[in-house]
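Please read them alongside the sequence and the model.

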Amino acid sequence: MKRVVSVSLGSSRRDHRVEVELMGERFEISRRGTDGDFERAVQLLKELDGKVDAIGLGGIDVYLYAGKTRYVIQDGKKLMDAVRKTPVVDGSGLKNTLERETVYYLREHTDLLSPGTRVLMVSAVDRFGMAEAFAGVGCEVTFGDLIFAAGIPYPIHTVSELEELAAKLLPEMTRLPFHMLYPTGKKQETQDEEKIKKFGHYYQEAQVIAGDYHLVRRYMPRLNGQTIITNTTTADDVTFLREKGAGCLVTTTPEFEGRSFGTNVMEAVLVALLQKPVEEITPRDYLDLLRRLDFKPRVLPLR
Amino acid sequence: MATHEEITASLLAFQEGYNKNERLKIMNRDWDRVVLVQASDIPSQHTLELRNGELSVREGAPPRADLTVISDSETLADLFYGDITPTEPYMNGTLKIIGSEDDIVRLDFISLMIWGE
(Lines give C-alpha, C1' and ligand atoms only; values in the text may rest on other atoms or scores of the structure.)
Protein backbone atom coordinates (compact mmCIF):
# COMPACT_ATOMS: atom_id res chain seq x y z
CA MET A 1 0.00 0.00 0.00
CA LYS A 2 1.24 3.49 -0.84
CA ARG A 3 1.05 6.12 1.88
CA VAL A 4 0.42 9.76 1.10
CA VAL A 5 0.23 12.33 3.89
CA SER A 6 -0.82 15.95 3.70
CA VAL A 7 0.74 18.09 6.43
CA SER A 8 -1.34 21.22 6.80
CA LEU A 9 -0.98 24.47 8.72
CA GLY A 10 -4.76 24.38 8.93
CA SER A 11 -7.01 23.22 11.74
CA SER A 12 -6.58 19.66 13.03
CA ARG A 13 -10.39 19.47 13.18
CA ARG A 14 -10.32 18.70 9.46
CA ASP A 15 -7.99 15.69 9.86
CA HIS A 16 -9.07 12.51 8.14
CA ARG A 17 -7.79 9.29 6.63
CA VAL A 18 -9.14 7.24 3.73
CA GLU A 19 -8.11 4.20 1.74
CA VAL A 20 -8.70 4.18 -2.01
CA GLU A 21 -7.65 2.19 -5.04
CA LEU A 22 -6.27 4.08 -8.02
CA MET A 23 -5.04 2.33 -11.16
CA GLY A 24 -4.85 -0.97 -9.31
CA GLU A 25 -2.76 0.51 -6.49
CA ARG A 26 -4.03 0.77 -2.88
CA PHE A 27 -3.49 4.16 -1.25
CA GLU A 28 -3.79 5.31 2.32
CA ILE A 29 -4.31 9.06 2.18
CA SER A 30 -4.33 11.10 5.35
CA ARG A 31 -4.35 14.74 6.31
CA ARG A 32 -2.76 16.09 9.49
CA GLY A 33 -3.38 19.68 10.54
CA THR A 34 -1.04 21.55 12.90
CA ASP A 35 -3.43 24.39 13.88
CA GLY A 36 -1.17 27.07 12.43
CA ASP A 37 1.84 25.84 14.44
CA PHE A 38 4.75 26.21 12.02
CA GLU A 39 7.32 24.41 14.19
CA ARG A 40 4.97 21.48 14.73
CA ALA A 41 4.58 21.22 10.96
CA VAL A 42 8.38 21.17 10.49
CA GLN A 43 8.70 18.46 13.15
CA LEU A 44 5.96 16.34 11.58
CA LEU A 45 7.50 16.66 8.12
CA LYS A 46 10.85 15.50 9.48
CA GLU A 47 9.18 12.53 11.16
CA LEU A 48 7.43 11.50 7.94
CA ASP A 49 10.42 12.04 5.66
CA GLY A 50 11.55 8.75 4.18
CA LYS A 51 8.64 6.85 5.74
CA VAL A 52 5.84 7.68 3.28
CA ASP A 53 5.58 7.67 -0.52
CA ALA A 54 4.70 11.34 -1.02
CA ILE A 55 3.90 14.39 1.08
CA GLY A 56 1.56 17.27 0.30
CA LEU A 57 1.88 20.66 1.99
CA GLY A 58 -1.51 22.06 2.89
CA GLY A 59 -2.73 25.37 4.29
CA ILE A 60 0.23 27.06 2.66
CA ASP A 61 1.57 27.59 -0.85
CA VAL A 62 5.19 27.34 -1.81
CA TYR A 63 4.96 28.56 -5.39
CA LEU A 64 2.74 31.28 -6.84
CA TYR A 65 2.60 31.84 -10.57
CA ALA A 66 1.69 34.96 -12.49
CA GLY A 67 2.28 34.58 -16.20
CA LYS A 68 5.63 32.92 -16.70
CA THR A 69 7.04 34.14 -13.39
CA ARG A 70 7.16 31.93 -10.33
CA TYR A 71 7.26 33.48 -6.86
CA VAL A 72 8.45 31.50 -3.85
CA ILE A 73 6.75 31.94 -0.48
CA GLN A 74 9.60 31.80 2.00
CA ASP A 75 7.65 30.15 4.82
CA GLY A 76 6.39 27.48 2.41
CA LYS A 77 9.93 26.88 1.16
CA LYS A 78 11.14 26.41 4.74
CA LEU A 79 8.57 23.64 5.17
CA MET A 80 9.52 22.04 1.88
CA ASP A 81 13.20 22.13 2.80
CA ALA A 82 12.48 20.18 6.00
CA VAL A 83 11.86 17.14 3.78
CA ARG A 84 14.97 15.53 2.27
CA LYS A 85 14.01 12.07 0.98
CA THR A 86 10.29 11.87 0.23
CA PRO A 87 8.81 13.75 -2.74
CA VAL A 88 6.96 16.82 -1.46
CA VAL A 89 4.52 19.04 -3.37
CA ASP A 90 2.28 22.02 -2.58
CA GLY A 91 -0.42 21.46 -5.21
CA SER A 92 0.71 24.27 -7.50
CA GLY A 93 1.60 21.84 -10.31
CA LEU A 94 -1.88 20.40 -10.25
CA LYS A 95 -3.58 23.77 -9.93
CA ASN A 96 -1.96 24.78 -13.17
CA THR A 97 -3.31 21.72 -14.98
CA LEU A 98 -6.37 20.23 -13.29
CA GLU A 99 -8.02 23.53 -12.40
CA ARG A 100 -7.46 24.97 -15.86
CA GLU A 101 -9.04 21.81 -17.28
CA THR A 102 -11.95 22.13 -14.83
CA VAL A 103 -12.89 25.49 -16.33
CA TYR A 104 -12.75 24.09 -19.87
CA TYR A 105 -14.78 21.05 -18.78
CA LEU A 106 -17.49 23.21 -17.19
CA ARG A 107 -17.60 25.46 -20.23
CA GLU A 108 -18.07 22.48 -22.52
CA HIS A 109 -20.32 20.23 -20.47
CA THR A 110 -22.45 22.57 -18.32
CA ASP A 111 -24.20 25.92 -18.60
CA LEU A 112 -22.35 27.32 -15.57
CA LEU A 113 -19.74 29.29 -17.50
CA SER A 114 -21.38 30.80 -20.53
CA PRO A 115 -19.57 33.83 -22.03
CA GLY A 116 -20.08 36.93 -19.89
CA THR A 117 -20.60 34.97 -16.66
CA ARG A 118 -19.51 37.16 -13.76
CA VAL A 119 -16.78 35.28 -11.87
CA LEU A 120 -15.20 36.41 -8.62
CA MET A 121 -11.91 34.76 -7.72
CA VAL A 122 -11.33 35.68 -4.09
CA SER A 123 -7.62 35.19 -4.74
CA ALA A 124 -6.14 34.56 -8.18
CA VAL A 125 -2.35 34.55 -7.72
CA ASP A 126 -2.57 31.17 -6.00
CA ARG A 127 -4.57 29.82 -8.96
CA PHE A 128 -3.26 31.60 -11.99
CA GLY A 129 -4.12 28.74 -14.35
CA MET A 130 -7.76 28.92 -13.34
CA ALA A 131 -7.74 32.72 -13.60
CA GLU A 132 -6.37 32.59 -17.13
CA ALA A 133 -8.86 29.90 -18.10
CA PHE A 134 -11.87 31.92 -16.83
CA ALA A 135 -10.73 34.93 -18.82
CA GLY A 136 -9.96 32.70 -21.80
CA VAL A 137 -13.49 31.27 -22.02
CA GLY A 138 -14.98 34.77 -21.99
CA CYS A 139 -16.07 35.18 -18.38
CA GLU A 140 -16.26 38.64 -16.86
CA VAL A 141 -13.63 38.22 -14.16
CA THR A 142 -13.00 40.01 -10.88
CA PHE A 143 -9.81 39.05 -9.07
CA GLY A 144 -10.16 39.94 -5.40
CA ASP A 145 -6.52 39.58 -4.35
CA LEU A 146 -6.13 43.16 -3.17
CA ILE A 147 -9.63 43.33 -1.74
CA PHE A 148 -9.49 40.32 0.49
CA ALA A 149 -5.76 39.89 1.22
CA ALA A 150 -4.95 43.55 1.81
CA GLY A 151 -8.36 45.14 2.41
CA ILE A 152 -7.95 47.41 -0.61
CA PRO A 153 -11.25 47.99 -2.45
CA TYR A 154 -9.69 47.63 -5.89
CA PRO A 155 -11.07 44.86 -8.10
CA ILE A 156 -8.70 43.62 -10.79
CA HIS A 157 -10.49 42.77 -14.03
CA THR A 158 -7.74 41.59 -16.37
CA VAL A 159 -5.06 38.94 -16.26
CA SER A 160 -2.50 41.49 -17.47
CA GLU A 161 -3.17 43.83 -14.53
CA LEU A 162 -3.00 40.86 -12.17
CA GLU A 163 0.41 39.98 -13.61
CA GLU A 164 1.61 43.57 -13.41
CA LEU A 165 0.59 43.97 -9.76
CA ALA A 166 2.00 40.55 -8.90
CA ALA A 167 5.38 41.61 -10.31
CA LYS A 168 5.38 44.70 -8.08
CA LEU A 169 4.11 43.10 -4.92
CA LEU A 170 4.88 39.40 -4.75
CA PRO A 171 8.69 39.46 -4.65
CA GLU A 172 8.42 41.20 -1.27
CA MET A 173 5.04 40.03 0.00
CA THR A 174 6.13 36.39 -0.28
CA ARG A 175 8.82 37.09 2.34
CA LEU A 176 6.29 38.11 4.99
CA PRO A 177 5.15 35.54 7.58
CA PHE A 178 2.49 33.47 5.85
CA HIS A 179 -0.13 34.12 8.54
CA MET A 180 -0.13 37.79 7.48
CA LEU A 181 -1.26 36.81 4.00
CA TYR A 182 -3.55 33.85 4.54
CA PRO A 183 -5.79 32.58 7.36
CA THR A 184 -4.06 29.71 9.14
CA GLY A 185 -5.09 27.53 12.11
CA LYS A 186 -8.15 28.67 14.07
CA LYS A 187 -8.70 31.64 11.72
CA GLN A 188 -9.90 29.07 9.17
CA GLU A 189 -12.89 28.28 11.35
CA THR A 190 -14.13 31.85 11.61
CA GLN A 191 -15.43 34.50 9.26
CA ASP A 192 -14.05 38.03 8.96
CA GLU A 193 -17.23 40.00 9.72
CA GLU A 194 -15.65 43.39 9.05
CA LYS A 195 -14.55 42.45 5.53
CA ILE A 196 -17.84 40.66 4.85
CA LYS A 197 -19.69 43.88 5.66
CA LYS A 198 -17.34 45.96 3.55
CA PHE A 199 -16.71 43.66 0.61
CA GLY A 200 -19.53 41.09 0.67
CA HIS A 201 -21.19 42.84 -2.27
CA TYR A 202 -18.47 41.49 -4.60
CA TYR A 203 -19.77 37.99 -3.82
CA GLN A 204 -23.38 39.00 -4.26
CA GLU A 205 -22.72 40.64 -7.63
CA ALA A 206 -20.96 37.53 -8.96
CA GLN A 207 -22.59 34.45 -10.48
CA VAL A 208 -19.63 32.20 -9.81
CA ILE A 209 -17.21 32.39 -6.87
CA ALA A 210 -13.98 30.48 -7.23
CA GLY A 211 -10.75 29.83 -5.40
CA ASP A 212 -9.25 28.53 -2.20
CA TYR A 213 -12.03 27.27 0.06
CA HIS A 214 -10.73 28.85 3.26
CA LEU A 215 -10.62 32.26 1.61
CA VAL A 216 -13.99 31.77 -0.10
CA ARG A 217 -15.54 30.79 3.24
CA ARG A 218 -13.87 33.48 5.33
CA TYR A 219 -15.42 36.42 3.47
CA MET A 220 -18.71 34.86 2.35
CA PRO A 221 -21.89 36.88 2.99
CA ARG A 222 -25.45 35.69 2.42
CA LEU A 223 -25.64 34.47 -1.20
CA ASN A 224 -28.39 34.21 -3.77
CA GLY A 225 -27.75 31.02 -5.71
CA GLN A 226 -24.12 31.49 -6.76
CA THR A 227 -21.96 28.60 -7.96
CA ILE A 228 -18.87 27.89 -5.86
CA ILE A 229 -15.83 26.34 -7.57
CA THR A 230 -13.29 25.13 -5.05
CA ASN A 231 -11.96 22.01 -3.30
CA THR A 232 -11.08 20.62 0.14
CA THR A 233 -14.71 20.67 1.16
CA THR A 234 -16.10 18.45 3.90
CA ALA A 235 -19.72 17.47 4.57
CA ASP A 236 -19.89 20.35 7.09
CA ASP A 237 -18.68 22.75 4.41
CA VAL A 238 -21.46 21.62 2.08
CA THR A 239 -23.98 22.35 4.86
CA PHE A 240 -22.36 25.77 5.43
CA LEU A 241 -22.58 26.65 1.71
CA ARG A 242 -26.18 25.49 1.53
CA GLU A 243 -27.10 27.61 4.57
CA LYS A 244 -25.38 30.64 3.03
CA GLY A 245 -27.55 30.31 -0.07
CA ALA A 246 -25.07 28.94 -2.61
CA GLY A 247 -26.78 27.32 -5.59
CA CYS A 248 -24.19 24.79 -6.67
CA LEU A 249 -20.82 23.43 -5.57
CA VAL A 250 -18.19 22.35 -8.05
CA THR A 251 -15.14 20.64 -6.63
CA THR A 252 -12.08 20.33 -8.82
CA THR A 253 -10.56 17.34 -7.04
CA PRO A 254 -12.27 13.94 -6.76
CA GLU A 255 -14.34 13.07 -3.72
CA PHE A 256 -13.31 10.23 -1.44
CA GLU A 257 -15.65 9.23 1.39
CA GLY A 258 -17.65 12.45 1.33
CA ARG A 259 -14.94 15.04 0.94
CA SER A 260 -12.84 16.50 -1.83
CA PHE A 261 -9.16 16.68 -1.06
CA GLY A 262 -6.83 19.63 -1.53
CA THR A 263 -4.76 19.91 -4.68
CA ASN A 264 -1.63 19.26 -2.60
CA VAL A 265 -2.99 15.83 -1.60
CA MET A 266 -4.01 14.92 -5.12
CA GLU A 267 -0.69 16.10 -6.54
CA ALA A 268 1.12 13.95 -3.96
CA VAL A 269 -1.00 10.96 -5.04
CA LEU A 270 -0.11 11.58 -8.69
CA VAL A 271 3.58 11.91 -7.81
CA ALA A 272 3.41 8.56 -5.98
CA LEU A 273 1.79 7.00 -9.06
CA LEU A 274 4.20 8.55 -11.56
CA GLN A 275 7.29 7.40 -9.67
CA LYS A 276 9.39 10.15 -11.24
CA PRO A 277 11.43 12.80 -9.45
CA VAL A 278 9.15 15.81 -8.87
CA GLU A 279 11.46 18.16 -10.79
CA GLU A 280 11.14 15.94 -13.90
CA ILE A 281 7.33 15.86 -13.90
CA THR A 282 5.73 18.01 -16.57
CA PRO A 283 2.17 19.37 -16.85
CA ARG A 284 1.69 16.83 -19.66
CA ASP A 285 2.49 13.98 -17.23
CA TYR A 286 -0.21 15.22 -14.88
CA LEU A 287 -2.73 15.71 -17.68
CA ASP A 288 -2.14 12.23 -19.11
CA LEU A 289 -2.51 10.66 -15.70
CA LEU A 290 -5.63 12.66 -14.89
CA ARG A 291 -7.20 11.42 -18.12
CA ARG A 292 -6.27 7.82 -17.37
CA LEU A 293 -7.78 8.19 -13.91
CA ASP A 294 -10.85 9.80 -15.51
CA PHE A 295 -10.91 12.60 -12.91
CA LYS A 296 -13.79 14.96 -13.52
CA PRO A 297 -15.08 17.87 -11.48
CA ARG A 298 -18.00 17.05 -9.22
CA VAL A 299 -21.04 19.26 -9.71
CA LEU A 300 -23.34 19.24 -6.69
CA PRO A 301 -26.60 21.22 -6.81
CA LEU A 302 -27.28 22.74 -3.38
CA ARG A 303 -30.85 23.85 -3.91
CA MET B 1 23.19 58.13 10.56
CA ALA B 2 20.76 60.34 8.62
CA THR B 3 19.65 63.77 9.77
CA HIS B 4 16.13 64.93 10.52
CA GLU B 5 16.27 66.97 7.30
CA GLU B 6 17.23 63.90 5.27
CA ILE B 7 14.27 61.99 6.69
CA THR B 8 12.03 64.94 5.80
CA ALA B 9 13.40 64.90 2.24
CA SER B 10 12.86 61.13 1.96
CA LEU B 11 9.27 61.47 3.14
CA LEU B 12 8.66 64.22 0.59
CA ALA B 13 10.06 61.93 -2.14
CA PHE B 14 7.69 59.22 -0.88
CA GLN B 15 4.80 61.68 -0.99
CA GLU B 16 5.71 62.72 -4.53
CA GLY B 17 5.89 59.07 -5.64
CA TYR B 18 2.52 58.43 -4.04
CA ASN B 19 0.79 61.48 -5.48
CA LYS B 20 1.98 60.67 -9.01
CA ASN B 21 0.31 57.29 -8.79
CA GLU B 22 -3.37 57.86 -9.57
CA ARG B 23 -4.22 54.18 -9.22
CA LEU B 24 -2.76 54.13 -5.72
CA LYS B 25 -4.88 57.13 -4.76
CA ILE B 26 -7.99 55.29 -5.95
CA MET B 27 -6.94 52.22 -3.99
CA ASN B 28 -6.60 54.22 -0.77
CA ARG B 29 -9.72 56.36 -0.98
CA ASP B 30 -11.27 54.44 1.91
CA TRP B 31 -8.14 54.29 4.09
CA ASP B 32 -7.86 57.38 6.29
CA ARG B 33 -4.89 56.85 8.58
CA VAL B 34 -2.43 58.90 10.60
CA VAL B 35 1.09 57.47 10.71
CA LEU B 36 3.83 58.59 13.13
CA VAL B 37 7.33 58.10 11.73
CA GLN B 38 9.87 58.17 14.53
CA ALA B 39 13.65 57.80 14.47
CA SER B 40 15.14 55.76 17.29
CA ASP B 41 18.63 57.29 17.25
CA ILE B 42 17.99 61.01 16.75
CA PRO B 43 15.18 63.32 17.85
CA SER B 44 13.04 63.19 14.71
CA GLN B 45 9.30 62.75 14.31
CA HIS B 46 7.09 63.15 11.26
CA THR B 47 3.43 62.68 10.51
CA LEU B 48 2.10 61.00 7.37
CA GLU B 49 -1.60 61.50 6.88
CA LEU B 50 -3.76 59.69 4.37
CA ARG B 51 -7.15 61.25 3.84
CA ASN B 52 -9.53 60.53 0.93
CA GLY B 53 -6.66 58.94 -0.96
CA GLU B 54 -4.35 61.98 -0.66
CA LEU B 55 -1.08 61.77 1.27
CA SER B 56 0.37 64.67 3.24
CA VAL B 57 3.61 64.94 5.22
CA ARG B 58 4.48 67.26 8.08
CA GLU B 59 7.19 67.54 10.70
CA GLY B 60 6.39 66.65 14.30
CA ALA B 61 4.18 64.06 15.96
CA PRO B 62 0.40 63.88 15.54
CA PRO B 63 -1.93 64.08 18.56
CA ARG B 64 -2.99 60.50 17.83
CA ALA B 65 -1.56 57.91 15.42
CA ASP B 66 -3.14 54.79 13.93
CA LEU B 67 0.26 53.41 13.03
CA THR B 68 3.73 54.10 14.41
CA VAL B 69 6.82 53.38 12.34
CA ILE B 70 10.06 53.28 14.35
CA SER B 71 13.58 52.68 13.08
CA ASP B 72 17.02 54.22 13.04
CA SER B 73 17.33 57.37 10.95
CA GLU B 74 19.38 55.71 8.20
CA THR B 75 16.82 52.92 7.68
CA LEU B 76 13.93 55.41 7.65
CA ALA B 77 15.60 57.58 5.02
CA ASP B 78 16.53 54.52 2.89
CA LEU B 79 13.02 53.16 3.24
CA PHE B 80 11.16 56.29 2.20
CA TYR B 81 13.60 56.98 -0.65
CA GLY B 82 12.84 53.46 -1.90
CA ASP B 83 16.46 52.29 -1.59
CA ILE B 84 15.28 49.37 0.55
CA THR B 85 11.92 47.64 0.92
CA PRO B 86 10.24 47.46 4.33
CA THR B 87 10.18 43.66 4.41
CA GLU B 88 13.83 43.00 5.27
CA PRO B 89 14.15 45.51 8.17
CA TYR B 90 10.67 44.54 9.39
CA MET B 91 11.57 40.85 9.42
CA ASN B 92 14.94 41.36 11.14
CA GLY B 93 13.49 43.71 13.75
CA THR B 94 15.31 46.89 12.63
CA LEU B 95 11.96 48.35 11.64
CA LYS B 96 9.12 48.25 14.13
CA ILE B 97 5.57 49.02 13.09
CA ILE B 98 2.96 49.35 15.79
CA GLY B 99 -0.60 48.94 14.57
CA SER B 100 -3.07 46.34 13.37
CA GLU B 101 -1.74 43.57 11.14
CA ASP B 102 -4.09 44.63 8.34
CA ASP B 103 -2.75 48.19 8.47
CA ILE B 104 0.85 46.97 8.46
CA VAL B 105 0.24 44.86 5.34
CA ARG B 106 -1.41 47.84 3.70
CA LEU B 107 1.46 50.21 4.49
CA ASP B 108 3.89 47.65 3.09
CA PHE B 109 1.69 47.42 0.02
CA ILE B 110 1.74 51.21 -0.54
CA SER B 111 5.50 51.27 -0.31
CA LEU B 112 5.80 48.44 -2.85
CA MET B 113 3.32 50.11 -5.19
CA ILE B 114 5.47 53.25 -5.18
CA TRP B 115 8.91 51.69 -5.37
CA GLY B 116 8.38 48.00 -6.17
CA GLU B 117 9.23 46.38 -9.48
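1. In chain B, the 10 positive and 21 negative charges have mean positions 9 Å apart. Lys and Arg are taken as positive and Asp and Glu as negative, with His and the chain ends not counted; each charge is placed at NZ of Lys, CZ of Arg, CG of Asp or CD of Glu.

2. On provenance, this is a predicted model, in which local features need pLDDT of at least 70 and side-chain atom pairs count only at pLDDT 80 or more, while totals for chains, interfaces and linings use all residues. Residues are numbered from 1 along each chain as its sequence is written, chains are lettered from A and ligands numbered from 1 in the order in which they are written, and side-chain values use heavy atoms, with hydrogens and water left out.

3. Chain B contains five helices and five strands, arranged along the sequence as α-α-β-β-β-β-α-α-β-α. These elements are DSSP runs numbered from the N terminus: helices are H or I with at least four residues, strands E with at least two.

4. The radius of gyration of chain B, 13 Å, agrees with the value near 13 Å that a compact globule of 117 residues would have. The radius is taken over C-alpha atoms, and the globule rule is 2.2 Å times the number of residues to the power 0.38. The C-alpha trace of chain B spans about 35 × 35 × 25 Å along its principal axes.

5. Of the 117 residues in chain B, 53% are buried (under 20% relative accessible area; exposed is over 50%, partly exposed in between; 1.4 Å probe, protein chains only). The chain exposes about 5300 Å², of which carbon and sulfur atoms supply 50%; areas come from the Shrake-Rupley method with a 1.4 Å probe.

6. Among contacts in chain B (heavy atoms within 4.5 Å) with a separation of 6 or more, 69% join residues 24 or more positions apart.

7. How many disulfides are there over all chains? The count is zero, a disulfide being a pair of cysteine sulfur atoms within 2.5 Å. C139(A) is in no disulfide, and the nearest cysteine sulfur, that of C248(A), is 14 Å away. C139(A) counts as buried because its relative accessibility is 9%; C248(A), at 10%, also counts as buried.

8. E101(A) lies in helix α3 (residues 92-109) of chain A and, at 28% relative accessibility, counts as partly exposed. Neighbours within four places in sequence aside, E101(A) is in contact with L287(A) and R291(A). E101(A) and I55(A) are 46 residues apart in sequence and 24 Å apart in space, C-alpha to C-alpha.
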